Amino acid sequence: MQIRLWNINLKVRLIGEALFNMLFWMYFPFITVYFGAALGNHIAGILMTLPPIFSIIGGLLGGALADRLGRRPVMLLGASFQTVMFALFAVSPSHWIDYIAFIGIGLGGALYSPASSAMVADLVPASNRRQIFATFTTANNIGAVLGPALGAIFFFNYRQVLLWTCALVMLLYVAAIYFIVHETRPQTAKEPEASMSIIQVFMEHWKGYGIIFRDKVFLIYILAGIFALLAIMQLDLYWAVYVINEVPAQALFTWIRDSLILSSTEIFGWLLGLNGLLFVLLILPVTKWFLHWKDRNVFILSSLLTGVGTFSLGLSTNIWYLLFVTIIFTFGEIVRSPVTQSFISRYAPDHARGQYMGANSLQNTVAKFLAPLTVFLSNWVAPVGIFSIILVFALISIVLYNQLFKIYVEKPEAAN
């Protein structure tokens, strides 16, 4: 589905979210370093465990409100909250206020995300959703490639300018949502009753989530996603520990009289750069290649490639071998990305699509909590043991996905 044929809502979101994501990656990778330098690494490590909790709350609340109030009002609320928090961060006189603003930015994004994803599902036929979600992922990953390189300059030298730029971009995006984007919530979604108090509305939302989590298919899907992401998230965790500590400096290229020698840290940087570049270049064509594959097969292939790719990392320290393994791992990561959102958008009932999108974010948040355990265990367990544990995570996800599609029969996309 060509971009020129997209609904105006999707075009506005693509431009706005692409710009914001580039700015996001200009500050996010350096936040832990920033707070570590200001408050100490021990305190910073503890502080960084709290944002995922707020993301869980924001995601669940945002999904519920998207079904009650509509997609557009919740997107306005989340984006406006982020705008205010960026401005607070820019004028903050204290590192503790900086931290509150950082949590607020994450909370605003968590409120915004389920409504945003639900809007795509509202507007796009099931047969085109993988391609649409893949296009958004491509735009986001362009920012993930360019942002850190620019942020290394701007965040530490021109932080206030960067934060005010983020606030201005978000303010313009809020205006675009307000004046251009229209509501897409299905008519089957519930309207909030005027007589209900805010507490009663919230209680009904949480009751709705209780029903969702008693849904066996959805629960297995969440568990499978958590184990799959435990392997995928190691790229930023144990991969870094292993490559920097175990891989020796070596030549990438050798000439007659000279060679390009990379340190362990630089080798890891090349692996990360290759991962980001492949994501940007391949996600759209790969999504098209696998367009007619069943979700079951895509999920299983993804878990297999990421698990085997990570395990294979420990078999050699040669840089060209590591780059090859990164390609295998990244391909597994790429094939999974658009399918996760398209699957849940088809599975969720129209009247609760926002809630399901919010609950779907739990797999990412829970995996973020658990994934660093590999780094913790590496103090006592040899690399081959850690890589074996990661492979087991991936294999468990394959078993769960296989079980999921035994009890859930996929419908032909044309029927959705």
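1. A residue is taken as buried when its relative accessible area is under 20%. The model is a predicted one, and on that cut-off 13 of the 17 residues of helix H10 are buried, so this helix is largely enclosed by the rest of the structure.

2. The geometry of H10 (residues 216–232) can be checked against its length: at 1.5 Å a residue, its 17 residues should span 24 Å, and the C-alpha atoms at its ends are 24 Å apart, which agrees. The N-terminal end of H10 is capped by Asp-215, of which a side-chain oxygen lies 3.1 Å from the backbone nitrogen of Val-217.

3. Which helices supply at least two residues each to the lining of the largest cavity? They are helix H12 (264–289) and helix H14 (319–347), and H14 gives the largest share, with four residues. By residue class, the lining of this cavity divides into seven nonpolar, one polar and one charged.

4. Turning to the aromatic residues, the model contains 26 aromatic pairs. In one of these pairs, the rings of Trp-6 and Phe-136 have their centres 5.7 Å apart and their planes at 25°; planes under 30 degrees apart count as stacked, so this pair is stacked. Trp-6 lies in the segment before helix H1 (8–27), whereas Phe-136 lies in helix H7 (residues 126–157), so the pair ties together parts that are 130 residues apart in sequence. Trp-6 and Phe-136 are both buried.

5. Tyr-347 and Tyr-408 form an aromatic pair with another geometry, namely edge-to-face, with 5.3 Å from centre to centre and 85° between the planes. This pair, too, links distant parts of the chain, since Tyr-347 belongs to helix H14 and Tyr-408 to the segment after helix H18 (383–407), 61 residues apart. Tyr-347 is buried, as is Tyr-408.

6. Which residues form one aromatic cluster that includes Tyr-347 and Tyr-408? The cluster consists of Phe-218, Tyr-221, Phe-299, Phe-343, Tyr-347, Tyr-401, Phe-405 and Tyr-408.

Notes. Residues are numbered from 1 along each chain as its sequence is written. This is a predicted model: local features need pLDDT of at least 70, side-chain atom pairs count only at pLDDT 80 or more; totals for chains, interfaces and linings use all residues. Side-chain values use heavy atoms; hydrogens and water are left out. The expected span of a helix is 1.5 Å times one less than its number of residues. Buried means under 20% relative accessible area, exposed over 50%, partly exposed in between (1.4 Å probe, protein chains only). A polar contact is a pair of N or O atoms within 3.5 Å; within protein, one must be able to donate a hydrogen and the other to accept it, and residues adjacent in sequence count only if both atoms are side-chain atoms. Ala, Val, Leu, Ile, Met, Phe, Trp, Tyr, Cys and Pro count as nonpolar, Asp, Glu, Lys and Arg as charged, and the others, Gly among them, as polar. Rings of Phe, Tyr and Trp (its six-membered ring) pair if their centres lie within 6.5 Å; planes under 30 degrees apart count as stacked, over 60 as edge-to-face and the rest as tilted.
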